[in-house]
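Please look over the sequence and the structure shown here before reading on.

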Amino acid sequence: MLNSIMKHVLHCLLLFSIVVMFMLYSGSKDDSTFDSFDPWVSYGVLGTWILYLLRLPIILALPQTLFNLFGLVLYNAFPDQVILNGSPLYCPPICVRVVTRGDYPNLVRRNVLRNLNTCLETGLEKFHIEVITDRPIGLGRDRWIREIIVPPRYHTKTGALFKARALQYCLEDEVNVLHDEHWVVHLDEETLLTKDSVRGIINFVLDGKHPFGQGMITYANEPIVNWLTTLADSYRVSDDMGKLRLQFKLFHRPLFGWKGSYVVTQLVAEKDVSFDHGPEGSVAEDCYFAMRAFARGYTFNFIEGEMHEKSPFTLQDLLRQRKRWLQGILLVVCSSAIPLYNKFLLGINLCSWITLPLSSLNLVLATIYPIPSSKLLDMVCAFITSVTIYMYLFGMIKSFSLLRFKLRYFLLCAVGVICTIPVNFVIENIAVIWGLLGEKRTFYVVQKDIPTLITV
C-alpha cells in the first residue's frame, strides 16, 4: 500500500508528464505549410483579424490554471487522516448552520441526524445544529437541534433575497443566540460532515488565526444518482485541492472567491461583513460575502478534511446551477461596493468563463481556416488544455477510491471522465449564453432528494 507521500509523487509525475507531452506536441508542429501562405490575402484583413482575436481569450484562463497547478503540486494531494491538534473540550462553541427553503424536509431531517451523530462520534461537545428554513421541517425539540423559520414578512435593510436573506435573519439580535467568540459552520441542506472534516474544523478553530475558512467537498462518496454529472463535478474537486487551497494556505485571501458550503466563520467577523447587500449580493451570496470580507482586510485559511455532497441529478439542473453561478459572479464583479483590487483575479476568471463560446468557436474556425501562430501562444494553449484535462482525471481519482471500487470499474471511471469533458464543455457554453441573455436575479434550487420507495 502506497503512503501519502508516494501517492503525491506519482500524482505530480503524471501531471507533469501530461503537461510536457501536450507542450512538446504543440512545439513540434510543422509550420512549413504556412511558408508561402498569407492569411491576409486568403481571408482578407477583417477575417484574419477575427481569426487571430479568437485565439486570445483562452489566455484569460492562465491565472487560475497556474493556481491550480501549484496548488496540486506544492501541497500533499493525498493527505493522511486528520489528527486533532488539541482536545475538543477546549474548542469554543460551534454552530452547524443549515439553510433550506424547506422543499425537501425528509432530506434535511435525515442529514441533520447524520451530521449530529458525526459530531458526537468525533468527540465534539460544545455544539448545536441550526436549521434555517422558509417552511417548517418538523425537527422537534432537542438540546442539539434548533429550527428557525424565517417569517414571510421579514425584510433586510437593503432588500437581500433568497439565501442571503435567511442568513441575515440569523444575525438579528432577537434571533441570534450565539456570542461573538462562537464559530459557525455553514452547510447546504445536502452537505454531510465527515469525521475528518470535523477534526479539521476543530483544528482551525483552536488555531484561531483566521476568522474564515473552507475545505474540500467531494461528490461520489454517497450513492450516485447521475454518473455524467458526478464525473463532470470531478473538476470541482480538483479546483478545491488546487486553486482554493493555494489561495487560502499561501495568500490567505479569497482571490478567486469561494463556495457557499463548508464555510466556517467566527460570528463577530460574520456579523461585521453581514449578508445584507441587496439583490446584487443575493444570487451568489457566498462569493459576494467573501469579496466584502477580503475588502475589509479579513484573512482566510484552508481546512483539512473533506465533506460530501451529491452532484445535480439531471443535466438540466447542472445547466441551471452553472447559469446561476455565472450570473451571481457577474453581479459581484460589476458591484461598485467591492474595490477593483479585491476582485481583479475573480474578474479575469469571469472573463475567461464568459469568453468560453468564443474559444469554442475558435476550435471550429481554426480547423476550417488555419492561420500561422506563435509557438509561445500554442504552448500556452497546450499548457492550459493539459492541466484542465488532468484536473478532471485527478478529481476522479480523489472521488473514486480504489478501496471502494474494483480496478476495472476505476479504469472505466477514468475513461468516462475523459468522455465527459466534451459534454460538460457544451453545457458550460450554453450556461454562459443563457446567463448573459437571461434574467440576472433568479435563484434556482436544483433537485436534492429522491423519493424513496416504500415496500409493504
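**Briefing on selected features**

Val-112 is buried, with a relative accessible area of 4%, where buried means under 20% relative accessible area, exposed over 50%, and partly exposed in between (1.4 Å probe, protein chains only). This is a predicted model, in which local features need pLDDT of at least 70 and side-chain atom pairs count only at pLDDT 80 or more, while totals for chains, interfaces and linings use all residues. Residues are numbered from 1 along each chain as its sequence is written, and side-chain values use heavy atoms, with hydrogens and water left out.

- Apart from neighbours within four places in sequence, Val-112 is in contact with Ile-129, Val-131 and Ile-145, contact meaning heavy atoms within 4.5 Å.
- Between the C-alpha atoms of Val-112 and Val-417, which are 305 residues apart along the chain, the separation is 32 Å.
- Asn-424 is found in helix H16 and counts as buried because its relative accessibility is 4%.
- Once neighbours within four places in sequence are set aside, Asn-424 is in contact with Ala-232, Leu-318 and Tyr-392.

**Packing of two helices**

- Helix H14 (residues 356-368) and helix H16 (residues 407-437) pack at an angle of about 130 degrees, with their axes 9 Å apart; axes are lines fitted to C-alpha atoms, for helices over the stretch in contact, and angles run from 0 to 180 degrees between N-to-C directions.
- That angle makes H14 oblique to H16, since angles under 35 degrees count as roughly parallel, over 145 as roughly antiparallel, 65 to 115 as roughly perpendicular and the rest as oblique.
- On the H14 side the contact is made by Leu-356, Pro-357, Ser-360 and Leu-363, and on the H16 side by Phe-425, Glu-428, Asn-429, Val-432 and Ile-433.

- Leu-10 has its place in helix H1 (residues 4-27), and with a relative accessible area of 42% Leu-10 is partly exposed.

**Positive phi angles in a loop**

- His-252, although not a glycine, has a positive phi of about 55 degrees, and His-252 lies in the loop between helix H9 (234-251) and strand E7 (263-266).
- Tyr-262, found in the loop between H9 and E7, is not a glycine either and has a positive phi of about 55 degrees.
- Tyr-262 is buried, its relative accessible area being 0%.

Technical notes: Helix = DSSP H or I, 4+ residues; strand = E, 2+ residues; numbered from the N terminus.
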